[in-house]
Each structure stands twice: as structure tokens, then as C-alpha cells.
Amino acid sequence: GRHPPPSPARATVAGAFPQVLTIPDHIWNHMVGRSWRSGCPVGRADLRLVRVNYIGFDGFRYRGEMVVHRSVATRTANAFAAMHNSGIPIRLMIRVDWFGYSSTVRGADDYRSMAADNTSAFNCRDVVGKPGTKSPHSNGRSIDINPWENPYHSARGVVPNTWWVSRSHPQVAWRSSGHTVVKLLARYGLRWTYGLSDKHHFDA
């Protein structure tokens, strides 16, 4: 089902305060039928909830969360803590299941998530523009960061917008492996796997 995504919660404690948690019941129940369903390559025991403070585009500090594979959860949390501590802004970081189910990608609605410029990770879905091909996000080891500013060249066109394709920004839009964000994430084992063809995608 579709739910209006919540407004991001303001951070209430100092610093990045990264946390790695097992998935609570109420969150798992919200994921089932959206970002997870029976037959997915990983289950609840394989996944962790990462919570970390981040700096929004408006300069305020927010509490973000995403779901990742347990094997990469600690370094993912530490990587986003480093982004917070470096003053690198993120537009939004809420779980992708808040965007409802999409029959197009057969998982949580990544089109809506990208359009909201949402940073997210685990989503048991198909590759955008390639129905029937399982996305690497299905394993919980892939993370999409600031997708609006860092568009994806899908098999069916550029998403979520074309304006940013030819533009860059020193903090929020990267176009080379030498960019501050790409270099910072690489220190934590997050690879800019596809480069300019899928600018917002990193693999842990």
C-alpha cells in the first residue's frame, strides 16, 4: 500500500550518533509486502536497521534510517557518521518502504523514493528499467545517495531527472572518483560501482 512518507525527524542528540539495531517488529511489519516479501534472497535475521544523524539541505540536523545487510551495517553507519562530521548534506534518509509497493519494480517504489531525493539501501526489487532482473539492493549491500542530484541512466531513460546529468556540485553531486563524497565513502569500503551510468549507487 501507499503511505505518505513521514517528515524527517530532527536530531535530538549531539554528533552523528550512529546505531546498528536488529529490525523491530513494527518496522518489519511495515517492510513486509513493500521492500521485503517471501522469496527474497535475505531475511529479517540477515538485515539491520542503521540510524544516524545527518545534515539536511536546509542546514538542520535530522535522524535518518536505512536497512542494510548485517555484514555491512557497522561500516555503513560509520560512513554516514563521517559524512555528518564532514558537513556533507543529505536531502532525506527514510526507509524505502514508506513509499509503498510498486508493481513496476516488484518491491518498494524506487521511482517515488528517487523523486523524493531519498537516500536508501535494502529493497528487494527489480532493476529500474529492467523488469525481471533482480536489483543488487535485494541483498542489502547497495546504497543510493542523493539520487535527484545524481541521476541513473536506466535502460528506459534517465531517472529521476535530466537537469543534473551534466552538472556537478562539490558536496551533493559527484561526477568522478576524485569527488569528496566518493573518496570519503571509499574509505569505508563503499564503492562507486557504476560511475557515471548510475551516479547515486554505491556497494558495500
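This note comments on aromatic pairs, charges over rings, one histidine and the cavities of a predicted model.

1. Aromatic pairs. Over the whole structure, a search finds four aromatic pairs. One of them joins W163 and W164: the ring centres are 5.2 Å apart and the planes stand at 80 degrees, so this pair is edge-to-face. The angle decides the label, because planes over 60 degrees apart count as edge-to-face.

2. The cut-off matters here, because exposed means over 50%. W164, by contrast, is buried, with a relative accessible area of 14%.

3. The pair of W174 and F202. Here the ring centres lie 5.9 Å apart with the planes at 65 degrees, so this pair is edge-to-face. W174 belongs to the loop between strand 11 (157–159) and helix 4 (180–186), whereas F202 belongs to strand 12 (residues 201–203); the pair therefore ties together parts that are 28 residues apart in sequence. W174 is buried, with a relative accessible area of 0%, and F202 is buried with a value of 0%.

4. Charges over rings. Which residue lies over the face of W163? It is R167, at 3.8 Å from the ring centre. W163 thus takes part in the edge-to-face pair with W164 and has R167 over its face. Elsewhere, R10 places its charged end over the ring of F60, 3.9 Å from the centre of that ring.

5. The position of H137. Is H137 buried or exposed? With a relative accessible area of 2%, H137 is buried, because buried means under 20%. H137 is found in the loop between strand 8 (130–134) and strand 9 (142–144).

6. The contacts of H137. Its side chain makes a polar contact of 3.4 Å with the side chain of H201. Leaving aside residues up to four places away in sequence, H137 touches S120, A121, F122, N123, R125, S142, I143, D144 and H201.

7. Cavities. How many cavities of 30 Å³ or more does a search of the whole structure find? The search finds two.

Terms used. Residues are numbered from 1 along each chain as its sequence is written. This is a predicted model: local features need pLDDT of at least 70, side-chain atom pairs count only at pLDDT 80 or more; totals for chains, interfaces and linings use all residues. Side-chain values use heavy atoms; hydrogens and water are left out. Rings of Phe, Tyr and Trp (its six-membered ring) pair if their centres lie within 6.5 Å; planes under 30 degrees apart count as stacked, over 60 as edge-to-face and the rest as tilted. Buried means under 20% relative accessible area, exposed over 50%, partly exposed in between (1.4 Å probe, protein chains only). Helices (H or I, at least four residues) and strands (E, at least two) are DSSP runs, numbered from the N terminus. A charge sits over a ring if NZ of Lys or CZ of Arg is within 6 Å of the ring centre and within 35 degrees of the ring normal. A polar contact is a pair of N or O atoms within 3.5 Å; within protein, one must be able to donate a hydrogen and the other to accept it, and residues adjacent in sequence count only if both atoms are side-chain atoms. Contact means heavy atoms within 4.5 Å. On a 1 Å grid over the protein atoms alone, a cavity is a set of points where a 1.4 Å probe fits but cannot get out, and a pocket is an open set with protein on both sides within 12 Å along at least five of seven lines; lining residues have an atom within 4 Å of a point. Grid points are joined across faces, edges and corners, and a volume is the space filled by probe spheres set on the points.
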